[in-house]
Amino acid sequence: MNTRDWPIRAKLTALVVGPVTGLLALWIFATTLTFGPALDLLAARTLLYDLGRPGESVVAELQRERRLSVVQLADDTALPALAEQRARTDQAVAELRRRVNGEKLRDAADDLLDTRLDQLVSALDALPAGRGFIDSRKVDRAGAVGLYSGMIGSAFQAFSGMATLPDADLNREALALTALGRSRELLGQADALLAGAVTAGRYAEGEHEQLVRTIENQRFLAENAVADLPPAERAGYQRLTEGEGFVRLRALQDTLVRARDLPAGLDVRAWETSYAAVSQGLRDFELRGADTLAERSVPMAVRILVRLAAAGVLGLLAIVVCVLVALRVGRSLDRRLTGVRTAALEMAEHRLPDVVARLRRGEEVDVAREAPELDHGGDEIGQVGRAFNEVRRTAVQAAVDEVTLRRGLNEVFLNIARRSQGLVHRQLALLDRLERRTEDPDELAGLFQVDHLATRLRRHAEDLVILAGAAPGRGWRNPVAAVDVVRGAISEVESYDRVDVGEVQPAGVLGRAVGDVIHLLAELIENATVFSPPGTRVDVTGRSVPGGYTIEITDRGLGMSPPALAEANRKLSRAPEFDPTDSARLGHFVVARLAARHGVRVELRPAVPGGTTAVVLVPSDLVTDEPALGPAAPDGAAGPDDRRMAKVTRLATVPRTRAARPGRDRPESAVLPLPAGRTSSVETPADGDGLPRRVRRRGPVARPRPVAVDNPAHRTPEEARRAMSALQAGTARGRRDGARRAVEPSPPEPPAAPDHPTATERDA
């Protein structure tokens with residue numbers, strides 16, 4: 001037997017279990033001889049009150065129901081009193097069943113009584129069927145008497161099983177009381193037979209002989225039972241039989257025995273009065289005897305227990321001495337070892353995690369206070385305690401160093417990200433100035449590509465800010481149209497030309513959340529383009545729903561497995577702590593952080609027939625009416641928000657029409673726009689939408705293109721695509737500006753504001 005992994009307490013117990021077990025066995029053997037009889041005497045009271053009293057009530061109710069049932073069978077009409085009596089019988093039977101099924105009675109009963117209790121319950125189960133036979137008159141009066149008598153007989157069998165007391169006198173008295181009960185039951189059978197005969201006006205076949213046998217058996221049982229009673233109880237019974245009711249009932253019994261037919265002058269009223277008085281008197285006598293029996297059993301049990309205690313005290317003292325020695329030796333070791341274990345568990349499960357949590361919240365932690373010295377003595381256990389003190393102090397210090405290092409890394413991330421943001425904003429401002437000054441379409445297309453790369457670089461710099469736990473900082477003063485927010489997100493994606501903007505219902509997003517919503521949508525759209533085949537499209541739609549505004553991004557990729565989808569939704573539903581080991585899902589972490597900041601809900605769902613749909617629910621407190629097209633300033637000049645939003649959404653050349661899905665049928669050349677004002681143009685009315693159109697032509701101050709030494713080659717398809725893209729983008733920009741300026745000359749455009757808002761803009 002390997003005892004290496006046993007607890008210390010178990011090992012100490014094993015050292016003394018041998019001698020203690022021997023002494024305990026001797027003590028148990030000495031006490032068992034007398035303890036069993038004492039328990040039997042104490043159980044007599046339980047049996048009386050949990051079986052005797054409820055069982056006697058059931059017997060009395062069954063006797064009354066038996067008499068009424070026989071009377072109903074003797075007549076042609078139903079007795080209303082029978083239904084009331086059945087209800088009282090059912091109530092008594094239910095109480096008896098509750099007591100029989102209780103643990104208290106079953107624990108006090110022996111095997112014989114258990115068997116008879118089960119037989120009694122089975123006999124009572126036949127009561128509903130017997131009542132049905134009586135109501136349908138499928139049995140005669142004798143059959144009804146036999147039905148109820150069988151149930152009552154099972155009850156008396158159970159009463160007899162109670163008479164197993166260790167004291168002979170008590171046991172004999174209990175059997176005598178049970179026999180008196182049986183004699184009273186026979187008296188009840190005679191009453192039921194006579195009631196049926198009186199109602200019918202005559203005896204049925206064999207009823208007189210059955211009545212005679214019942215009366216004789218009743219007298220025989222009563223005489224034998226009284227002989228076993230103590231002198232006091234026997235004298236009480238003698239006084240009972242000398243009463244007027246008992247004498248008159250005995251005389252009427254003699255009359256019935258002598259006459260073979262029902263006597264014509266039988267005083268039925270006198271029989272009923274005498275029977276009721278005798279039956280009640282016998283019942284009270286039996287109950288008083290049972291109570292006296294129970295009261296006498298308790299003192300006997302106490303005396304037996306006293307002798308038991310005296311006989312076993314020596315063995316018990318020996319056991320106590322052994323146990324005290326074992327406790328005295330082992331308690332000190334157990335307490336000290338438990339103290340070391342408790343300190344270790346408390347440090348591992350509570351104190352160290354609490355220290356780490358406080359450090360992450362930025363609180364100061366005192367290592368000496370969190371890992372105090374604990375004295376466990378100078379022996380081997382004390383040496384283990386001192387070693388654990390050093391380990392605990394080192395663990396707390398390591399936690400402090402680890403959190404400090406993580407905090408420093410976050411500061412480094414944030415510092416690098418802020419520097420990168422500043423450089424990117426300056427780069428975007430420089431590109432914007434170059435775009436305004438450039439009139440060559442090819443050079444302008446190249447500048448737009450660099451601008452797009454810088455925009456993506458800005459988003460990645462903002463990712464670092466979010467990873468460091470800070471806010472990116474982009475914001476707008478005024479609400480922005482939902483379609484412009486979607487287009488701004490598309491413009492920050494590498495494969496923007498694969499994204500189709502479908503129906504986007506009119507709505508606006510509050511300016512304070514525009515930057516973060518654009519970033520969030522850009523992360524999801526980029527995932528959709530990256531994790532779907534290059535030849536497929538990504539659809540973006542938006543609609544108003546109860547509780548906010550929903551934007552759905554659907555790709556046509558392979559989709560995600562249900563476990564992966566559930567795990568991704570779990571991460572997106574809350575803002576988790578950044579885990580550097582999970583670098584493959586940084587986009588999900590950024591989306592979760594941005595969504596938690598504004599209460600936005602993001603959920604991934606399987607798309608039909610394939611792919612994944614990202615559902616973004618912008619809450620209603622961030623949604624407003626769609627802002628009107630055109631300048632917001634009173635003088636007609638575009639404000640800073642308008643200029644920044646126009647720059648953000650320059651890649652989306654589709655007007656705000658949402659009923660169709662223009663991305664499916666537009667040519668590839670319509671993906672890189674040319675901003676208005678970079679080429680000279682002539683405004684002509686449009687044929688359908690009321691907007692003026694600009695026809696691009698080379699300005700007079702355009703710089704000459706360098707002349708190549710060799711003969712010029714034909715333009716490549718990519719160059720042609722860029723040229724056509726610039727042409728169509730400029731046309732779309734002209735239509736949008738035309739709605740603002742109509743046919744008047746365009747005022748000089750102010751310098752473009754940087755994409756990164758100033759402190760005043762953010763505060764606004």
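Guide: Start with accessibility: buried means under 20% relative accessible area, exposed over 50%, and partly exposed in between, with a 1.4 Å probe and protein chains only. R131 is buried by that rule, with a relative accessible area of 10%. This is a predicted model, where local features need pLDDT of at least 70, side-chain atom pairs count only at pLDDT 80 or more, and totals for chains, interfaces and linings use all residues. Residues are numbered from 1 along each chain as its sequence is written, and side-chain values use heavy atoms, leaving out hydrogens and water.

Visitor: How many salt bridges does the structure hold?

Guide: Side chains of opposite charge can pair when their charged atoms come close. The criterion is a side-chain nitrogen of Lys or Arg within 4 Å of a carboxyl oxygen of Asp or Glu. The structure holds 29 salt bridges.

Visitor: Which residue does R131 meet in a salt bridge?

Guide: D90, at 2.9 Å from N to O. The pair links distant parts of the chain, 41 residues apart: R131 is in helix 5 (residues 127-135) and D90 in helix 2 (residues 80-100). Helices here are DSSP runs (H or I, at least four residues), numbered from the N terminus. D90 is partly exposed, at 37% relative accessibility.

Visitor: And R184 with E286: what parts does that pair tie together?

Guide: Their side chains meet in a salt bridge of 3.1 Å, N to O. R184 lies in helix 7 (residues 168-200) and E286 in helix 11 (residues 268-360), so the pair joins parts 102 residues apart in sequence. R184 is buried at 3% relative accessibility. E286 is buried at 10%. Elsewhere, shared partners join E65, R86, D90, R131 and D135 into one salt-bridge network.

Visitor: Next, cavities. What is the volume of the largest cavity?

Guide: Rolling a probe the size of a water molecule over the atoms shows where empty space is left. On a 1 Å grid over the protein atoms alone, a cavity is a set of points where a 1.4 Å probe fits but cannot get out; lining residues have an atom within 4 Å of a point. Points are joined across faces, edges and corners, and volume is the space filled by probe spheres set on them. The largest cavity has a volume of about 430 Å³.

Visitor: Which residues lie nearest its centre?

Guide: L48, G52, M162, T178 and A290, out of 22 lining residues. Helix 1 gives the largest share of that lining, seven residues.

Terms used: Helix = DSSP H or I, 4+ residues; strand = E, 2+ residues; numbered from the N terminus. 1 Å grid on protein atoms, 1.4 Å probe; cavity = no way out; pocket = protein on both sides within 12 Å on 5 of 7 lines; lining within 4 Å.
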